[in-house]
Amino acid sequence: MTLRMNEYITLGRSGLRVSPLCLGTMTYGNNRWGSDDAVSRAIFDRYIESGGNFIDTADGYAEGKSEEILGRFVAETGLRDKLVIATKFTFNLTQGNPNAGGNGRKNIYRALDGSLKRLGMDYVDLYWLHAWDKVTPVEEVIQTLDTLVRAGKIRHYAFSDVPAWYYARAATLAECHSLSKPIALQLEYSLVERTIEREHIPAAQHLGAAVCPWSPLASGFLAGKYRRDQTTEGGKGRLEVLKGTTNPVFEKFTERNWRIIDALESIAKQLNRSMAQVALHWAATQPGITSTLIGATSLTQLEDNLASLDFDLPQELRDRLNKVSALDPAHPYMFFEDTLQSRIHGGVTVHPWS
Ligand SMILES: NC(=O)c1ccc[n+]([C@@H]2O[C@H](COP(=O)([O-])OP(=O)(O)OC[C@H]3O[C@@H](n4cnc5c(N)ncnc54)[C@H](OP(=O)(O)O)[C@@H]3O)[C@@H](O)[C@H]2O)c1
């Protein structure tokens, strides 16, 4: 499958056109594992020069600094109209005040006002619910976000890190009540994290939602700089800086993942491409994926990542990657595999209408 940065895709069943790689700015303003402002600016300029138009931030990234820096770059370049700017709400930066976080109406209004101020914009193109808060009624979430769409403060909204059933309920209720629907899902997805293939990707395909993977390199792990023997090539990476954290997102050094690294390294050598390019290409061209969020702490890394669309991954090599990274069989998904489906369909193959 060939994707190009200057060819755009609609984000789910919407009219919003985005490039196949989205620039993540979680590294902006982050002085532990991010990039300084000059490097961030070079990354921003080069991403746009390559044809990219889709940029992702969040109110919580570097306590709001990511939004401020991004807003400054957009203002300085005068490119507001050309860019699709996405930010997020949910996380709480105020201890002791439960209404300064979560997905209730009170927090959504507070968070959006803050984001627009830091970005120096009067609207965002896409407003992500960052994570499910488990308590706010879904009706309150979609009514609030629909009101903001109608008020012109956000052009579209979407959900990150939510259960698939929750997305399905929100999308269905919004459709039934003629409210603006969520248009996309943002979830962790890479060769070492494929859980969303069970529920989220099929749900998105049925509901017309885009899927935007985050951490497609597993926070740099799949770029191949970390080694089983605990050595790191090419400077201190994020996973080394964050070693010992209790956040499971950064626990990538498992035997299963090292086996994936071995296969990826051998395939990358065969294709004469970097491991990062092959891992990104795999994620960006998997079924159901619309636009993949990339991150970089240097211009060299960005160049490498942009080149991930410049080649084809032959099917037999994709099959090898799929096999080594396959999810363990789990109930009830075993019933949806070919062997058991064949018992349902009388031994013949039946394809769904599409
Ligand atoms: N919705 C959510 O919950 C959520 C969560 C996480 C991220 N996100 C979004 O997704 C974006 C991307 O996530 P991510 O930064 O975790 O993506 P990633 O691609 O998995 O990791 C990016 C990191 O990998 C290393 N790297 C990238 N390219 C490389 C290359 N070619 N060679 C060597 N190392 C390379 C760099 O870190 P080092 O230089 O430190 O090694 C870089 O910061 C974020 O910016 C954010 O917008 C969303």
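Two strands pair if DSSP finds at least two bridges between them, and helices (H or I, at least four residues) and strands (E, at least two) are DSSP runs, numbered from the N terminus. The model is predicted, so to speak of local features a pLDDT of at least 70 is needed, side-chain atom pairs count only at pLDDT 80 or more, and totals for chains, interfaces and linings use all residues. Residues are numbered from 1 along each chain as its sequence is written, and side-chain values use heavy atoms, with hydrogens and water left out.

**Exercise 1. Work out how strand β6 is placed between its partners, and how the chain reaches it.**

Step 1. Take the pairing with β7: strand β6 (residues 124-129) runs parallel to β7, and 5 bridges join the two. Within this pairing Tyr127 stands opposite Tyr157 in β7, while the bridge partner of Leu126 in β7 is His156.

Step 2. Turn to the pairing with strand β5 (residues 84-89), which is also parallel to β6 and is joined to it by 4 bridges; here Lys88 has Trp128 as its bridge partner in β6. The chain crosses from β5 to β6 through helix α3 (residues 105-119), and this β-α-β crossover is right-handed, a term that applies if, with the strands pointing away from the viewer, the path from the first strand over the helix to the second runs clockwise.

Step 3. Consider burial, where buried means under 20% relative accessible area, exposed over 50%, and partly exposed in between (1.4 Å probe, protein chains only). Because 6 of the 6 residues of β6 are buried, the strand is largely enclosed by the rest of the structure.

**Exercise 2. Follow the chain from β6 through β7 to β8.**

Step 1. β6, helix α4 (residues 138-150) and β7 form a β-α-β unit that is right-handed.

Step 2. Strand β7 and strand β8 (residues 184-188) run parallel and are joined by 2 bridges, with Phe159 standing opposite Leu185 in β8. Helix α5 (residues 164-176) carries the chain across from β7 to β8 in a right-handed β-α-β crossover.

Step 3. In strand β7 (residues 154-160), 5 of the 7 residues are buried, so this strand is largely enclosed by the rest of the structure.

**Exercise 3. Which residues of helix α11 are buried, and what do they pack against?**

Step 1. In helix α11 (residues 315-324), Leu317, Arg318 and Leu321 are the buried residues. They lie on the same side of α11 because they cover an arc of only 100° around the axis, the arc being that of the directions from the helix axis to the C-beta atoms.

Step 2. Glu316 and Lys323, on the other side of α11, are exposed.

Step 3. The buried residues of α11 pack against α8 (255-271) and α9 (275-284).

Step 4. Gln286, in the loop between α9 and β10 (292-294), has a side chain that makes a polar contact of 2.8 Å with the side chain of Arg318. A polar contact is a pair of N or O atoms within 3.5 Å; within protein, one must be able to donate a hydrogen and the other to accept it, and residues adjacent in sequence count only if both atoms are side-chain atoms.

**Exercise 4. How far from an oxygen atom of the ligand is an N or O atom in the side chain of Ser215?**

The distance is 2.5 Å. For the backbone, an N or O atom of Thr25 lies 3.3 Å from an oxygen atom of the ligand.

Key. Contact means heavy atoms within 4.5 Å.
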